[in-house]
Amino acid sequence: MKQGLSLRVSQHLALTPQLQQSIRLLQLSTLELSQEVEQMLDENPFLEVAEEAAPREDFGLGQVDTPVSQETREFESTTDSIAVSAEDTGAAGQNDAEPSSEAKLEESWDGDGSVDTAPDDSEWGGDATPRKNNNDDSDVDATELARSQESLQDHLHRQALSLRLSPEGKAALHFLIESLNDDGYLEDSLAALAAGLAGDDLEQLEAVEHEFAVALKLLQHMEPAGVGARNLAECLSLQLLDCRDNDETRAAIAMCQQPMELLAKRDVKRLSQLCGFPDAVIKGAIGLIGRLDPKPGRRFVNVERNLIVPDVLVVKSGRGFKVSLNSDVMPRLRVHDIYANALKQNKGQGGPALQQRLQEARWFIKNIQQRFDTILRVSSAIVERQKNFFTHGELAMRPLVLREIADELGLHESTISRVTTAKYMSTPFGTFELKYFFGSALGTETGGNASSTAVRALIKQFVASESLKKPLSDNQISEMLKEQGIECARRTVAKYREALRIAPANLRKSL
């Protein structure tokens with residue numbers, strides 16, 4: 001083979017560190033951006049927080065004025081300034097696994113408004129019969145205790161103070177209480193817990209397991225009812241023991257000894273055969289179980305609410321809407337003037353490392369500013385496209401894909417995808433992720449398109465107005481959509497219904 005030299009001219013795209021940072025900041029959520037800013041402030045001495053917003057850099061974006069539509073609805077978009085240094089110039093470049101029968105049962109009983117299993121079933125624990133104890137704490141409301149920041153373990157330890165136990169019994173009960181999860185369940189078996197303490201000593205293992213068995217009986221008689229259970233069936237059975245002794249209670253206890261999937265499916269005939277009670281008693285027992293609390297410990301959990309802070313605010317302004325950035329989520333940063341001037345006056349002493357740090361600080365400020373400018377541009381385009389939603393709600397949502405916004409703004413689809421991920425918009429109808437305004441199109445009889453978001457809202461409306469004694473099947477909902485001129489197959493209806501967390505028709509049917 002003959003060897004030789006040749007010249008070749010080619011072009012390729014290289015992502016500079018500045019461009020890589022710009023892309024990464026664009027896809028960060030508000031919380032992640034805040035953490036990134038804190039980290040950068042710790043690492044870069046040339047970056048500091050400005051107490052007041054400094055004049056923003058001009059990227060040629062400024063205020064985004066959306067055009068006046070034919071309906072004379074005006075959009076006014078303003079940008080809150082982000083603090084930047086005066087030296088800065090230029091711009092920077094779904095299938096889940098099927099849940100278990102217990103999970104289905106708990107989900108269908110969760111009482112969150114999405115699934116209503118029976119007309120007389122209130123939220124979990126609403127009508128549960130309180131356990132009667134001789135303890136002084138028996139009349140304490142768990143809700144009030146949760147408000148006072150008392151945990152489930154603290155509540156149980158206070159009840160244990162009134163019990164006369166041996167030192168070994170107190171230690172065993174204390175260990176079991178501390179082993180409960182947030183729902184009040186004992187996830188590990190007594191043998192496993194004993195093995196973790198006794199090790200390989202068989203005699204000591206048996207003694208510890210015996211103490212645990214005695215302590216568990218005491219624990220399961222404490223408030224709240226059902227605490228210390230090993231599974232859902234045992235939790236429900238413990239609560240049923242405190243209910244009035246009648247046929248429904250006995251039937252409910254017998255039903256808890258059967259496979260939970262039968263109860264989840266509300267298979268009255270099968271449960272009647274297995275438990276030996278008439279259908280009417282089984283139906284009443286299902287209603288009784290529906291009023292129990294499957295997670296007795298959750299009332300004591302201090303759940304920290306994850307509040308969503310919107311990145312964009314949309315408010316009514318005259319006959320149109322005003323689109324603006326939320327100044328609360330915009331970091332006010334600037335280059336430290338003293339350090340920058342000192343480095344400028346002593347160029348020979350600073351070295352390339354400090355010069356690079358200064359340049360990184362400037363890049364970081366520019367990229368953050370460009371991030372919010374891009375979010376504002378995309379949000380304004382969404383508001384213009386979905387203007388009917390901001391007036392009439394989700395039923396008026398129109399089909400929208402990323403390519404439409406990308407073509408309008410001259411950006412790539414991947415950029416629009418990054419902008420709309422984990423970014424939120426506050427609207428007159430609530431706070432939504434920017435991706436919420438995008439939806440596929442379903443054909444209509446007139447040849448037009450309907451948004452999948454609007455179809456889901458219509459399905460939710462149909463289910464809300466259905467008869468509890470004869471709920472609508474997926475096929476019936478599909479036919480009702482066709483009457484509205486929307487072509488939607490039964491499988492598509494089932495997919496949308498599951499996305500809305502609406503149970504099938506057999507689980508929505510009242511007994």
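A: A residue is called buried when its relative accessible area is under 20%. In this predicted model, Cys488 has a relative accessibility of 2% and therefore counts as buried.

Q: Is Cys243 buried or exposed?
A: Cys243 has a relative accessible area of 12%, so this residue is buried.

Q: How many disulfides does the structure hold?
A: The number of disulfides in the structure is 0.

Q: Where does Leu271 lie, and is Leu271 buried or exposed?
A: Leu271 belongs to helix H12, which covers residues 268-275. With a relative accessible area of 1%, Leu271 is buried.

Q: Which residues does Leu271 touch, leaving aside those up to four places away in sequence?
A: With residues up to four places away in sequence not counted, Leu271 touches Met255, Gln258, Leu262, Leu263, Gly276, Ile282 and Ile286. Met255 is 16 residues from Leu271 along the chain, and the C-alpha atoms of the two are separated by 6.8 Å.

Q: Which residues touch the most other members of the largest nonpolar core?
A: The largest nonpolar core has 45 residues, and those touching the most other members are Val314, Phe364, Ile368, Phe390, Ile405, Met425 and Phe437. Helix H15 (residues 347-385) supplies the largest share of this core, 12 residues. A second, separate core of 28 residues includes Tyr185, Ala229, Leu240 and Ile282. Ile282 is also one of the residues that Leu271 touches.

Q: What does Phe364 touch, not counting residues up to four places away in sequence?
A: On that basis, Phe364 touches Gln21, Leu25, Glu36, Val37, Met40, Leu47 and Leu333.

How values were computed: Residues are numbered from 1 along each chain as its sequence is written. This is a predicted model: local features need pLDDT of at least 70, side-chain atom pairs count only at pLDDT 80 or more; totals for chains, interfaces and linings use all residues. Side-chain values use heavy atoms; hydrogens and water are left out. Helices (H or I, at least four residues) and strands (E, at least two) are DSSP runs, numbered from the N terminus. Buried means under 20% relative accessible area, exposed over 50%, partly exposed in between (1.4 Å probe, protein chains only). Contact means heavy atoms within 4.5 Å. A nonpolar core is a set of buried Ala, Val, Leu, Ile, Met, Phe, Trp, Tyr and Cys residues joined through side-chain atoms within 4.5 Å. A disulfide is a pair of cysteine sulfur atoms within 2.5 Å.
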